[in-house]
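Trainee: I should like to go through the assignments made for this structure and ask what each one rests on. May we begin once it is displayed?

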Amino acid sequence: MTAPLIIIADDEELSLLLLMDGLKGMGFQTMGCANGKEALLAALKRAPEAIVLDDKMPGLDSLRVLKFIRLMEPIRAVPVLLLVESPDKAKVLQAVQMGANDCVSKDSSLHDINLRIQRAIKAPPRPLTPMFEHLKYFFHYDGTALTLDVESEITTDCGKNLVELVRMLTGLMPIKLLLNMEKVPAIAASGI
């Protein structure tokens, strides 16, 4: 049986290495990332059991990374824990509203972080409503390109959902779009 994979993103190298080594010693596989974008792409390449994000990272901040995770099939339901300097009520509330499963103080013991990860992994998945009414899609990352694979028939409503999705991804990275042309009626193709 393979140990559960935990992806950890922290721009502070020493903190990242300590957390990775500590969780390895507790039976997890770990993958370290220097920023949120790396963590997001690593999760799309190989879905983890959980993702741990440092709250303050350069580039994409943890809340934007969390927003992208909750947008992207097949990783929408992966538990996400935020490591925060001081988990005040406002910060915790904001993180949970954005889709975080838990907030953990950076000062917490490794044992406490492990317990929270275990709890998040074992918790029943949150019911997720579809992001878009007319659009079924999946993301893939092969190490070089982020691909958006649209499985829906591209109707006018689906086309509008697709445009909204692509706008939400602005600033992340270039995306390849895969469409099955048999599912693209001429009227929808002219609207896209």
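Trainee: Where is the place of Pro74?

Mentor: Pro74 sits in the loop between H3 and S4; helices (H or I, at least four residues) and strands (E, at least two) are DSSP runs, numbered from the N terminus. A cis peptide bond joins Glu73 and Pro74, with omega about 15 degrees. This is a predicted model, in which local features need pLDDT of at least 70 and side-chain atom pairs count only at pLDDT 80 or more, while totals for chains, interfaces and linings use all residues. Residues are numbered from 1 along each chain as its sequence is written, and side-chain values use heavy atoms, with hydrogens and water left out.

Trainee: Why is strand S4 described as largely enclosed by the rest of the structure?

Mentor: Buried means under 20% relative accessible area, exposed over 50%, and partly exposed in between (1.4 Å probe, protein chains only). In S4 (residues 80–84), 5 of the 5 residues are buried, so the strand is largely enclosed by the rest of the structure. Val80, Leu82 and Val84 point one way and Leu81 and Leu83 the other way, and all are buried.

Trainee: What makes S3 and S4 a pair, and in which sense do they run?

Mentor: Two strands pair if DSSP finds at least two bridges between them. S3 (residues 50–54) is joined to S4 by 4 bridges, and the two run parallel. Val52 stands opposite Leu81 in S4. From S3 the chain passes through helix H3 (residues 62–71) to S4 in a right-handed β-α-β crossover; right-handed here means that, with the strands pointing away from the viewer, the path from the first strand over the helix to the second runs clockwise.

Trainee: Which strand also pairs with S4 over 4 bridges?

Mentor: Strand S5 (residues 102–105) does, again in the parallel sense. Leu83 stands opposite Val104 in S5. The chain crosses from S4 to S5 through helix H4 (residues 89–98), and this β-α-β crossover is right-handed.

Trainee: How do you know that the span of helix H5 agrees with expectation?

Mentor: The expected span is 1.5 Å times one less than the number of residues. The 13 residues of H5 (residues 110–122) should therefore span 18 Å, and the end C-alpha atoms are 18 Å apart, which agrees.

Trainee: Why are the buried residues of H5 said to line one face?

Mentor: In H5, Ile113, Asn114, Ile117 and Ala120 are buried. Seen down the axis, the buried residues of H5 fall within an arc of 130 degrees, so they line one face of the helix; the arc is that of the directions from the helix axis to the C-beta atoms. The face turned away from the buried side carries the exposed residues Arg119 and Lys122. The elements covering the buried residues of H5 include S1, H1, S3, S4 and S5, where contact means heavy atoms within 4.5 Å.

Trainee: How many disulfides are counted?

Mentor: A disulfide is a pair of cysteine sulfur atoms within 2.5 Å, and by this rule the count comes to 0. The sulfur of Cys33 is 19 Å from the closest cysteine sulfur, in Cys103, and is therefore too far for a bond. Cys33 counts as buried because its relative accessibility is 2%, and Cys103 counts as buried at 6%.

Trainee: Is Arg46 to be called buried, exposed or partly exposed?

Mentor: Arg46 has 39% relative accessibility and therefore counts as partly exposed. Arg46 lies in the loop between helix H2 (36–45) and S3.
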